[in-house]
Amino acid sequence: MDIDSYLNEHENKSLLRVLTCGSVDDGKSTLIGRLLYDSKLIFDDQLAELRKASEKNGTAGAGKIDYALLLDGLKAEREQGITIDVAYRYFTTPRRKFIIADCPGHEQYTRNMATGASTADAAIILIDARHGVLTQTKRHAFIASLLKIRHLIVAVNKMDLLDYSEEKFRKIEEEFGSFTQQLNIPDVRFVPISAIEGENVTQTTGKTPWYQGDHLLSILETLDASDSRNLRDFRFPVQTVIRPNLDFRGVAGSITSGSIRRGDPIVTLPSFQNSRIRRIVTPDGDLEEAFSPQSVVLELEDEIDISSGDMIVKKGNLPHIEDRLEARVIWMSEKPLLPGGKYIIRHAGRNIQGRIAELQYDIDVNTLESRHATQLPLNHVGRIVLETASPLFYDYYRDNRSGGAFILIDPLNNVTAGAGMLRPSHIDKVPEKEQEQLPTFVSSDERMETFGHGGKQIYVAGEDSDLARSFAKQLERELHRLKAHTYGLDFKAEGVWGRSAREIVNASGLLAEAGLMSIAALPGLPVLPRKAKGAYCIWLGNVVSAPETADRILPPAEANENTASLLARTLYVEF
């Protein structure tokens, strides 16, 4: 094979990012070191240095190699025999490329483990066969599930110290298996291993004849991690604008999810301007199509205002846009999280001022139950409500890891205080008590007698925000022609754009109580109150994507002036 063919073959191998985690002294570093050693991926000079370090700091015994020292490179790590910081190792086999993160097991270094897990496709969680399932083992598995790692390989280590007892292995498999069932991890596999002896690491020597599964390296080489990538939602956070000459203006960045083709219609956020992709430029030439995680320069057909921190998405596939949202957070600061605390929110390349509006609960790692809390200490996991100074363009973490992740930065010392995952919430659904009629000097019956109709909240929503806005405008004009008393709420209008859906719903409710027909246009997928008095939701899109609160579903092609006229008459007569 010539050198070009070899390089092409190596370049086209799939990449798997793997995390090793578990409790302290379960053998994580030893396992990775043994994996590298058995795969013949250690150079002679590295091996000589490893033998020398094993004589000085090793714990494997006289004349034996301590494979953990390949990963534990810090002086403090070698002196104490523990892992403190995340260590990354890059290696390749004939079938695949790997990046393995060796994470610390001590509870005080849990935040380091969360850092390593944030980009992993799969996790190897080690359990010392002598000690069984510990609290830290559960904590690491829980964090792996929070970070949507969909493949978990449970390596029951140090089986050689128990004479490779099947009974002990099955007991751990049953206990930890029942715990992981609560975590909704779709792929969990158990492997009995001895990292120090190499059993079931890269080969099986027959010491566990009762185990019929593959050895660890074979599982890693054949694992399909494509389900952890979002190929549907195109998200392109703009890093910088490039203008080398008067004839070219492009926006540079990395595609965090999805794909884009030349000619695709796009929308820029937060300006909501429309354009199309003219060119997809790379150092190796133009592309017809680009995918995550490629870094490219996009040239648009129109000269629109766009800058660093903005986001480009496909038209008809908008993210959620809110300034009040819910998230689960892993707390990483010695200073506990307190309600009311102000932080810088780093999300999708943007820094936004925000505050902790509410700490809803802390999560018990052992039982996975939520419990009331007034603060969130170091290494704890809780659920919070965030308020931001300007809206976030985000996806739920369960659907898009890159679009749903953020970090909280302490503005006083610039330290990362927490890592969060945005979740679906009910905070924008207006509580029923907020829909009760407020005290007024004129009753609703008197207003109806004067106006000739009752108050109404009309919402026009859909994935195409421009279409929703246009149809809401047509509908209000048709109601106005019928002499209805109306008021339109435009999500782009001065004083309204940037508000959350909750605030628009509240404003619409007050207008309806005053006897007006309020027509509110909302972008993206709306979160509307189920029990709002006099609420009527019109969805512009297909049935599959329609929210449960939709009263009328219109195909986009039917969202025209004629339909608006017919619908206006129906609404006017009914109310």
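Visitor: How do the axes of helix H5 and helix H6 cross, and at what angle?

Guide: Keep in mind that this is a predicted model. To read a helix pair, look at the axes, then the handedness, then the residues in contact. Here the axes of H5 (residues 110–117) and H6 (residues 135–146) come within 10 Å, and the crossing angle is roughly 35 degrees. The crossing is right-handed.

Visitor: Which residues of H5 and H6 meet there?

Guide: From H5 you will find Thr110, Met113 and Ala114; on the H6 side their partners are Gln136, Arg139, His140, Ile143 and Ala144.

Visitor: On to charges, then. How many salt bridges does the structure hold?

Guide: There are 23 salt bridges. Take Asp128 and Lys158, whose side chains form a salt bridge with an N to O distance of 3.4 Å. This pair links distant parts of the chain, 30 residues apart: Asp128 belongs to strand E4 (residues 122–128), while Lys158 sits in the loop between strand E5 (151–157) and helix H7 (166–180).

Visitor: Are Asp128 and Lys158 buried or exposed?

Guide: Asp128 and Lys158 are both buried.

Visitor: Which residue forms a salt bridge with Lys314?

Guide: The partner is Asp264, with 3.8 Å between the closest N and O atoms.

Visitor: Why does Asp264 count as buried, and why is Lys314 partly exposed?

Guide: The cut-off for buried is under 20% relative accessible area. Asp264 has 18%, so Asp264 counts as buried. Lys314 has 22%, and therefore Lys314 is partly exposed.

Visitor: What about the salt bridge of Asp362 with Arg371?

Guide: In that pair the closest N and O atoms are 3.6 Å apart. Asp362 is buried because its relative accessible area is 5%, whereas Arg371, at 35%, counts as partly exposed. Salt bridges can also be read as networks: Arg278, Arg279, Asp286 and Glu299 are joined into one network by salt bridges that share partners.

Key: Residues numbered from 1 in each chain as written. Predicted model: local features only at pLDDT ≥ 70, side-chain atom pairs only at ≥ 80, totals over all residues. Heavy atoms only, no water. Axes fitted to C-alpha atoms, helices over the stretch in contact; angles between N-to-C directions. Helix = DSSP H or I, 4+ residues; strand = E, 2+ residues; numbered from the N terminus. Left-handed = near helix turned anticlockwise from the far one by under 90°. Contact = heavy atoms within 4.5 Å. Salt bridge = Lys/Arg side-chain N within 4 Å of Asp/Glu carboxyl O. Buried < 20%, exposed > 50% of the residue type's maximum accessible area, 1.4 Å probe, protein only.
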